[in-house]
Amino acid sequence: MEDQIYDLIIIGAGPAGLAGAIYAARYQLKTLVIGQIPGGIAGTAHKICNFPSYSEINGMQLMMKMIEQTRSNKVEIKQESVEDIKTGKIFKIKTNKTEYEAKKIIIATGTERKKLGLKEELKFLGKGISYCATCDSGFYRDKVASVVGGSDAALTAALLLANIAKKVYLIYRKEEFTRAEPAWVSQVKNEKKIEILFNTEIIKLIGKDKLKKIEVNSNNKKTQINVDGLFIEVGSVPNIKLAEKLKLTLEKNQIIVDENQKTNIAGIFAAGDVTNNSLKQIITACSEGSVAAYNAYKELKFES
């Protein structure tokens, strides 16, 4: 049964997981990637302008290149959800479809979108509510769209929609953009189709079968705005469900790793946005995935 056991299973198919898989394949490790969303949350980015070798590239285009490179190295990517991991000399990974065994694991589960927490949010999902402008912006041609958030993701979503919709409301609860890159802020403020609503919060979603209006509170004044769609870009949180089950050491809901991407459990590494790194970017996720794969390889070589 030894040939059925993977040297390395990577959980997560975003930049960290894919970069780790590419390096693992170069070290000739029998490797499998398991991820619910090929490309991860990075694939939803409208425009990436800070990844070396590309002045500008769509998130899904970049991730498809990484997926193709991973597969060209004969690494299989399974679109499954990991439900449980049993630790031991050999790790047993149970997914929603089957079970796998591995000598080493890299947790690269990334982040998941934050929700607004409003009453009708799930009801209107796909019916006016979206968490991905890259995926769904095409539905709002010549319509009125809105974006809530103040990060790079929110501003780039608004800019993408401005190319398609007839009007875009950009709603942010603070009095100025404090999280976004200045270059994006300048573009948003210069785009005539975008109306910025500072010091404003969405308090209610209105509609019957689909979203028709949003009710906002701006400086203690409530107003209703007619919109065809709302894109929610209020950040993300590390996906630590597996980490919690495994009892990995966490701090501020992030997996603590050392300089070799090792966790507190022998044989388990972690990489990317789910870890306690200070810069949540595609380039750092790729770096961490590569470091994790290298150190998994070193351990396997020492143990053989």
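1. A residue is called buried when its relative accessible area is under 20%, exposed when that area is over 50%, and partly exposed in between. The model under discussion is predicted. Asp228 has a relative accessibility of 35% and therefore counts as partly exposed.

2. Asp228 belongs to the loop between β14 (221-226) and β15 (229-232). Setting aside residues up to four places away in sequence, Asp228 touches Gly128, Tyr140, Lys143, Val144 and Leu211. Leu300 is 72 residues from Asp228 along the chain, and their C-alpha atoms are separated by 54 Å.

3. Leu300 also has a place in the description of the second largest pocket. Which residues of the lining lie nearest the centre of that pocket? They are Lys103, Lys104, Leu300, Glu303 and Ser304, out of 16 lining residues. The space in this pocket amounts to about 350 Å³.

4. The lining of the second largest pocket draws at least two residues from each of β6 (99-107) and α7 (282-303). Helix α7 provides the largest share, four residues. Sorted by class, the lining comprises seven nonpolar, two polar and seven charged residues.

5. Helix α7 also contains Asn295. Is Asn295 buried or exposed? Its relative accessibility is 5%, so Asn295 counts as buried, the cut-off for that class being under 20%. Apart from neighbours within four places in sequence, Asn295 is in contact with Asn260 and Phe269. The side chain of Asn295 reaches the backbone oxygen of Asn260 at 3.4 Å, which falls under the heading of a polar contact because the limit for such a pair is within 3.5 Å.

6. Asn199 is not a glycine, yet it has a positive phi of about 50°. Asn199 is located in the loop between β11 (194-197) and β12 (200-207). With a relative accessibility of 29%, Asn199 counts as partly exposed.

7. Asn253, likewise not a glycine, has a positive phi of about 60°. The loop between β17 (250-251) and β18 (254-255) holds Asn253. Its relative accessible area is 48%, so Asn253 is classed as partly exposed; the exposed class requires a value over 50%.

Definitions and conventions: Residues are numbered from 1 along each chain as its sequence is written. This is a predicted model: local features need pLDDT of at least 70, side-chain atom pairs count only at pLDDT 80 or more; totals for chains, interfaces and linings use all residues. Side-chain values use heavy atoms; hydrogens and water are left out. On a 1 Å grid over the protein atoms alone, a cavity is a set of points where a 1.4 Å probe fits but cannot get out, and a pocket is an open set with protein on both sides within 12 Å along at least five of seven lines; lining residues have an atom within 4 Å of a point. Grid points are joined across faces, edges and corners, and a volume is the space filled by probe spheres set on the points. Ala, Val, Leu, Ile, Met, Phe, Trp, Tyr, Cys and Pro count as nonpolar, Asp, Glu, Lys and Arg as charged, and the others, Gly among them, as polar. Buried means under 20% relative accessible area, exposed over 50%, partly exposed in between (1.4 Å probe, protein chains only). Contact means heavy atoms within 4.5 Å. A polar contact is a pair of N or O atoms within 3.5 Å; within protein, one must be able to donate a hydrogen and the other to accept it, and residues adjacent in sequence count only if both atoms are side-chain atoms.
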